[in-house]
2 protein chains.
Amino acid sequence: MPRIGHSRVVPNTRAPRIHLGPDHETALAGAVERGGGVLVPLADADAVVWAQGPDTFPAELPDSVRWVQLPSAGIESWLAAGLVDRRRIWTSAAGAYAGNVAEHATLLLLAGVRGLAEQARATSWRKAEFDTGVGTLRGATVAIVGCGGIGRAMIPLLTAFGAEVLAVTRSGIPVPGAAETVDATRTSEIWARADHFVIAAPATADTAHLVDGDTLAQMKPTSWIVNVARGVLIDTEALVGALRDNTIGGAALDVTDPEPLPAGHPLWTLPNALITPHIANPANGLTRALADHVAANVERFATEGRLLAVIDTERGY
Amino acid sequence: MPRIGHSRVVPNTRAPRIHLGPDHETALAGAVERGGGVLVPLADADAVVWAQGPDTFPAELPDSVRWVQLPSAGIESWLAAGLVDRRRIWTSAAGAYAGNVAEHATLLLLAGVRGLAEQARATSWRKAEFDTGVGTLRGATVAIVGCGGIGRAMIPLLTAFGAEVLAVTRSGIPVPGAAETVDATRTSEIWARADHFVIAAPATADTAHLVDGDTLAQMKPTSWIVNVARGVLIDTEALVGALRDNTIGGAALDVTDPEPLPAGHPLWTLPNALITPHIANPANGLTRALADHVAANVERFATEGRLLAVIDTERGY
């Protein structure tokens with residue numbers, strides 16, 4: 001007797017054979033099965049889901065492997081290792097962690113604007129001193145440089161606080177919810193215009209030292225910069241100079257250059273600098289977020305849909 | 001010739017005569033006029049707008065004064081001084097500062113949940129140690145105890161982060177946007193139920209030490225408490241004990257008991273405590289917020305509308 005209200009999905013193709021490596025991680029194994037895949041040894045695989053870094057990745061993949069899912073959003077180390085070939089589709093985890101990183105980036109910006117960096121370190125009641133330094137996101141214009149998954153997840157958060165978003169994207173196609181979107185060739189316009197900056201662009205040859213002495217000099221003395229992308233997007237030496245001279249409000253960084261930031265570095269103790277050690281996307285949240293991403297991509301692979309976060313080897317992300 | 005699209009408002013009554021004291025503060029004088037009032041000496045006044053504390057308040061008011069607007073949201077010092085009589089209407093500034101305090105309270109909660117209290121004080125890259133302590137507001141239930149103007153302003157913020165609000169109010173009438181509202185007689189139910197707590201209730205005899213050893217013992221080991229109301233709502237000694245024993249996640253306090261918190265107090269240095277020195281509503285934002293509140297109330301007074309934030313002398317807020 002047929003069940004009512006429950007239609008059976010008949011897949012277009014047989015269940016894809018997925019190799020999960022290097023280890024059998026339970027959450028990811030479940031995700032592969034949830035997405036309609038079957039776990040197989042590498043030699044029999046149509047696709048590979050990889051849960052660790054490039055060091056342990058197989059030197060050769062069988063020709064049968066048409067797709068490789070990598071576990072991170074940033075893929076510089078994979079490109080540097082020369083592993084990402086053009087014989088198959090490679091996908092990153094870009095977007096999988098966007099919500100968590102957006103939450104952290106919003107926290108860093110709020111903390112900066114309201115003076116929490118210095119308040120959190122105080123050991124006495126410095127009300128009169130701190131009071132005048134407390135700002136607000138209400139009415140502020142926040143530029144999101146590289147407004148992809150993280151930036152898009154930030155827009156409803158910043159909007160709830162009464163801020164407006166100025167989005168910078170490669171295409172310049174209007175980002176929903178942003179007050180304005182400009183394409184990356186017009187990035188130079190934003191430094192003097194926005195009140196605060198969130199750096200969320202991929203690390204490429206074009207974006208290295210995107211924030212340098214010139215751009216810092218154009219910012220307002222109350223501007224905060226948040227970086228949740230990669231440390232190399234900011235010229236650290238120029239930033240330390242601007243923070244020491246108080247030519248900007250401050251910087252709240254979850255990523256640094258160098259990283260890890262060495263003990264004794266001025267960014268640890270400058271009162272207008274706030275460092276979190278690359279934990280916007282903490283390991284305790286990784287597995288669940290990655291599992292959801294893997295399940296979605298396996299399902300798309302099974303039904304020959306468009307995969308999420310396909311790596312563009314030309315652009316390098 | 002009449003202007004098109006601009007109708008003239010004819011007031012029901014003559015312009016109310018307002019005394020502004022103790023000083024002629026420009027922003028507040030402008031607010032009185034914006035609300036339709038005329039500035040006059042105390043002896044001629046229908047109403048008084050007071051910009052400072054009770055110490056300099058006139059010992060006697062003329063019988064003609066039917067309304068007094070006080071400058072703060074909390075009014076304990078005015079009640080203690082015996083100044084709030086029943087011969088006229090008294091209004092506080094409750095609600096005027098709600099948006100700014102809501103922004104700060106949300107920052108404190110996020111900072112706590114994501115481990116920023118300890119991260120902000122680090123002077124080396126303690127990623128492995130901090131990583132596992134990073135939480136998220138997504139999916140969390142946040143109880144707002146005393147869900148008035150500040151709490152209502154927090155609801156869209158917390159909701160944007162994916163949290164649900166459990167509102168506690170005196171009446172128990174459902175608060176728009178809250179997942180659930182309970183009346184204050186059921187407060188005892190929330191301590192074991194919610195993930196985190198925002199204390200935003202007025203300080204009264206009923207609310208003193210609302211958070212004590214018993215209630216702390218019911219909270220989860222990951223629960224954060226934010227206090228943006230008055231220090232006395234939390235039993236400080238019991239809180240320090242819970243923080244030392246790690247029986248709760250932590251406490252982020254903009255108000256303390258005693259206040260100012262003395263140097264050397266354990267709350268300054270406990271890794272799971274975060275103190276801001278009563279700057280949720282900073283002085284630099286006071287004047288504008290109070291001015292808007294005064295203008296709105298003068299206009300309501302002029303048109304015999306219902307005044308905002310009328311003090312209930314029975315309840316004491």
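**Close-up views of a predicted two-chain model**

**View 1. A helix lying across the sheet of chain B.** Helix H6 (residues 149-160) of chain B lies across E6, E7 and E9 of chain B, and runs at about 170° to E6(B). Helices (H or I, at least four residues) and strands (E, at least two) are DSSP runs, numbered from the N terminus. Angles run from 0 to 180 degrees between N-to-C directions, with axes as lines fitted to C-alpha atoms, for helices over the stretch in contact. This is a predicted model, in which local features need pLDDT of at least 70 and side-chain atom pairs count only at pLDDT 80 or more, while totals for chains, interfaces and linings use all residues. Residues are numbered from 1 along each chain as its sequence is written, chains are lettered from A and ligands numbered from 1 in the order in which they are written, and side-chain values use heavy atoms, with hydrogens and water left out.

**View 2. The open sheet of chain B.** Here you can follow seven strands in the order E8-E7-E6-E9-E10-E11-E12 (chain B), with parallel pairing; two strands pair if DSSP finds at least two bridges between them. Strand E8 (180-183) and strand E12 (273-275) of chain B each have a single partner strand, so one side of each is left without a neighbour in the sheet. On average, neighbouring strands are turned by 15° against each other, direction ignored.

View 3. Strand E6 (residues 141-145) and strand E7 (residues 164-169) of chain B run parallel and are joined by five bridges. Look for Val142(B), whose bridge partner in E7(B) is Val165(B). Helix H3 (residues 98-113) of chain B packs on the sheet, touching E6, E9, E10, E11 and E12 of chain B, where contact means heavy atoms within 4.5 Å.

**View 4. Where chain A meets chain B.** In this interface, 51 residues of chain A are in contact with 51 residues of chain B. About 4,100 Å² is buried between the chains, 65% of it from carbon and sulfur atoms; buried area is the accessible area (1.4 Å probe) that two parts lose on being put together, summed over both. In chain A, Glu103(A), Arg114(A) and Trp125(A) lose the most area to chain B, together 20% of what that side buries.

**View 5. A salt bridge between the chains.** Glu103(B) forms a salt bridge with Arg114(A), their closest N and O atoms being 3.0 Å apart. The count between chain A and chain B is two salt bridges, each a side-chain nitrogen of Lys or Arg within 4 Å of a carboxyl oxygen of Asp or Glu.
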